[in-house]
There are 4 protein chains.
Amino acid sequence: MQVPDLKMSEKEKKILDAAIAVISEKGFSAASTSEIARQAGVAEGTIFRYFKTKKDILRGILIHLGNVIAEPLVVYGLKKILYQDGREDLRAGIKLVLKDRMAIIDAVFPMLRIVITEAMYHEDIRQILYDKIISRAVEVFEEYHLEMVEKGLMKKEIDAVVAGRSILANLVLFFVYRNLFGPMIQLDDYDRELDQVIDAIMHGIAIPAVGDKK
Amino acid sequence: MQVPDLKMSEKEKKILDAAIAVISEKGFSAASTSEIARQAGVAEGTIFRYFKTKKDILRGILIHLGNVIAEPLVVYGLKKILYQDGREDLRAGIKLVLKDRMAIIDAVFPMLRIVITEAMYHEDIRQILYDKIISRAVEVFEEYHLEMVEKGLMKKEIDAVVAGRSILANLVLFFVYRNLFGPMIQLDDYDRELDQVIDAIMHGIAIPAVGDKK
Amino acid sequence: MQVPDLKMSEKEKKILDAAIAVISEKGFSAASTSEIARQAGVAEGTIFRYFKTKKDILRGILIHLGNVIAEPLVVYGLKKILYQDGREDLRAGIKLVLKDRMAIIDAVFPMLRIVITEAMYHEDIRQILYDKIISRAVEVFEEYHLEMVEKGLMKKEIDAVVAGRSILANLVLFFVYRNLFGPMIQLDDYDRELDQVIDAIMHGIAIPAVGDKK
Amino acid sequence: MQVPDLKMSEKEKKILDAAIAVISEKGFSAASTSEIARQAGVAEGTIFRYFKTKKDILRGILIHLGNVIAEPLVVYGLKKILYQDGREDLRAGIKLVLKDRMAIIDAVFPMLRIVITEAMYHEDIRQILYDKIISRAVEVFEEYHLEMVEKGLMKKEIDAVVAGRSILANLVLFFVYRNLFGPMIQLDDYDRELDQVIDAIMHGIAIPAVGDKK
DNA sequence: TATGAATGAGAATTCATTCAT
DNA sequence: GATGAATGAATTCTCATTCAT
């Protein structure tokens, strides 16, 4: 996926695309500006017209992820479940979003890989990640959670953050496991496994004791 | 936690410990052999007596994690829930392990951070990670899952891998969220939140429709 | 002080002024054409319409100093002491010139700093400096010296060059010391110190032995 | 002249010598570490084992000038006039020191050129220059001046700083003029000119009015 | 004529690795 | 075995200069 943007020049887009590809491939420190330049088809010096330092490229990716990707993906995606489709069924909502957004998720995966890795090491990256993406997503999900609770579809005993994290956690590990360890394991049928994952999210893995409504 | 070992010289241990500390702090590429040497209190050249290249240090950490750490932590730890403590209560089991192993988890966290990061980028690291740790853990959990299913405590409709991943995913994100984004958020009470997380794992976040026993 | 000129376009003047400011601040090598352009309020490319290379800017400054500044400052300034004011008193002459020309000296100081610095390293700059300024000043001072000697006010045993250099040397170090090391030292009263400097120039620092009229 | 030193390795000396040569030739900014390395016969990386940054090379030169050169040259040289030789004759003292130290002065000239140039642009260099050299020289000269005044050989009306500066200024310009502009001018006989310079320093360039003892 | 994006050569600096001691 | 000085390739970044618009 190329990076779409509004106020971004052709060159800047090419550089950002190349940077995402190379950094996602090798990690930030191991990626060299010379390789990014080569991949982008520009001179190395050109990179530094658009990004003052190498670290600014990383920030650029983050900002981009936040502005251009996260907004439609997270906010609009979640809102779609909530308002537009008027669904009351979480399962259908998740599947709908996943199907709908699969291409985007695949495209975003390299960016996410970069951001997650670097967030582990740098407080400032974490801050941007939080401000631009996490806090926004939490916000949207809290609203969603509230409505679902009101409709009697989600447990009010579990906070929105915990609930949202459970969805995210299960889906992320589902994808990571399949994408990174796919070659090593015998993969189950995609839809069948996804159904199980959603089951786990919605109803848990334990069999409730009789009379145990929690 | 220091690295204990059998067939490892005093020097090699010191180097490995230092490497774990430094690489966990900065990431593999950004960590320099000179800093590892300084931290280990040996000469830079000495490192290359024990590890032919810098990458071999990484392999050393992995091997070490696999051989020395993973076995007691994963296998023995999981088995402890399963057999030794003879628990039938997943909630109690999880809490027990978390309490019991907290110190170990803290100690292992730097290593895990390294391995997880590098596994994202290198197939070979992933392979080692899978062979040494994941496949072993899956194995043990499958056995556990089977018993739990037989005892009517876990759903047989959800595969062991999916169930185990759900536990892992929720707990990992719980810790990551608190540890990495702690400064940015208003943290809930630890025990209260953990209880919610376990609830989510065990019984899901959705309210089952009437008559919906899934 | 702005650079006045005849056959110089508005733009060229602005560039030259900016170049003098920037180069005087950082030195020639450390000054970048981009900063000069920014300071001049023109595009970087524009500079190279007026000056083929960066070094040509330096030459431009020199030429300018020679043509436009040196003539009125040096020649006219010195002649003023000599002929116009008709002074026979060196002390009064020096003080008069200093007072009179202080603003000009301040304005010229940046240019001088550039030229002096570069003259230390480049023979060709030195040649221009000599041809345009030094030789002219020596010429004028020789004439002055001759008159003073004839009037019995200056020693004929000391050549004009040595005498002129003594004036220049003492005054330059007086200014340099105060301007560059001012913050580090406890400065004497300006006028009192200047009087001492002129005393030193005129009558030396030693007490003449009895009967020693030299 | 090679840089002599006590606690300096062979390599460090070679690098410092090369740095002095190259920087004195081209100026600090225009001198590249690669050329210094080539001239020193070491790898470029080696330079940075001894000097953390390029600027530290400059500081190294300064420190060196201060410790190794200035001490014997300035302090010991001045003291020689003062105490050892027991001279009461400033002229003889100056000539003695100049003769004696000529080789050193020639050797020190490149270093001085560097230091003077950079001191014009950098406050921190100025500070080191002041602390290490100027303040020491002023100190020694003040003592000398005091004794000369007591002996009736120097004027008490002219402060030590002004007097010292006059000596320095005249001698420096004498050397600079000859060394830098030598090719362009018809040089006077060295000894004859030096005598005139000393005359100017000691007794000034003006003919004292009758009864004017100042 | 003026612009400023693009260039690429070259700058300072780092660092894994080697090797003589 | 252990050291750490030395290396030089590679890295990030700067900047004078060019050229299409």
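Asn67(A) is partly exposed, with a relative accessible area of 36% (buried means under 20%, exposed over 50% and partly exposed in between, with a 1.4 Å probe and protein chains only). The structure is a predicted model, so to speak of local features takes a pLDDT of at least 70 and side-chain atom pairs count only at pLDDT 80 or more, while totals for chains, interfaces and linings use all residues. Residues are numbered from 1 along each chain as its sequence is written, chains are lettered from A and ligands numbered from 1 in the order in which they are written, and side-chain values use heavy atoms, with hydrogens and water left out.

Back to Asn67(A), which sits in helix H4 (residues 54-84) of chain A; helices here are DSSP runs of H or I with at least four residues, strands are runs of E with at least two, and both are numbered from the N terminus. Leaving aside residues up to four places away in sequence, Asn67(A) touches Pro72(A) and Lys132(A), where contact means heavy atoms within 4.5 Å. Lys132(A) is 65 residues away along the chain, yet its C-alpha atom and that of Asn67(A) are separated by 7.6 Å.

Next comes the meeting of chains A and B. The contact draws 62 residues from chain A and 61 residues from chain B. About 5,700 Å² is buried between the two chains, and carbon and sulfur atoms give 63% of that; buried area is the accessible area (1.4 Å probe) that two parts lose on being put together, summed over both. On the chain B side, Tyr121(B), Arg165(B) and Ile205(B) lose the most area to chain A, together 15% of what that side buries.

Charged partners show up here too: the count between chain B and chain A is four salt bridges, each a side-chain nitrogen of Lys or Arg within 4 Å of a carboxyl oxygen of Asp or Glu. One of them joins the side chains of Arg192(B) and Asp159(A), at 3.7 Å from N to O. As for which parts of chain B do the touching, helices H1 (10-26), H5 (90-121), H6 (123-150), H7 (160-181) and H8 (190-203) each supply at least two residues. The largest share, 14 residues, comes from H7(B).
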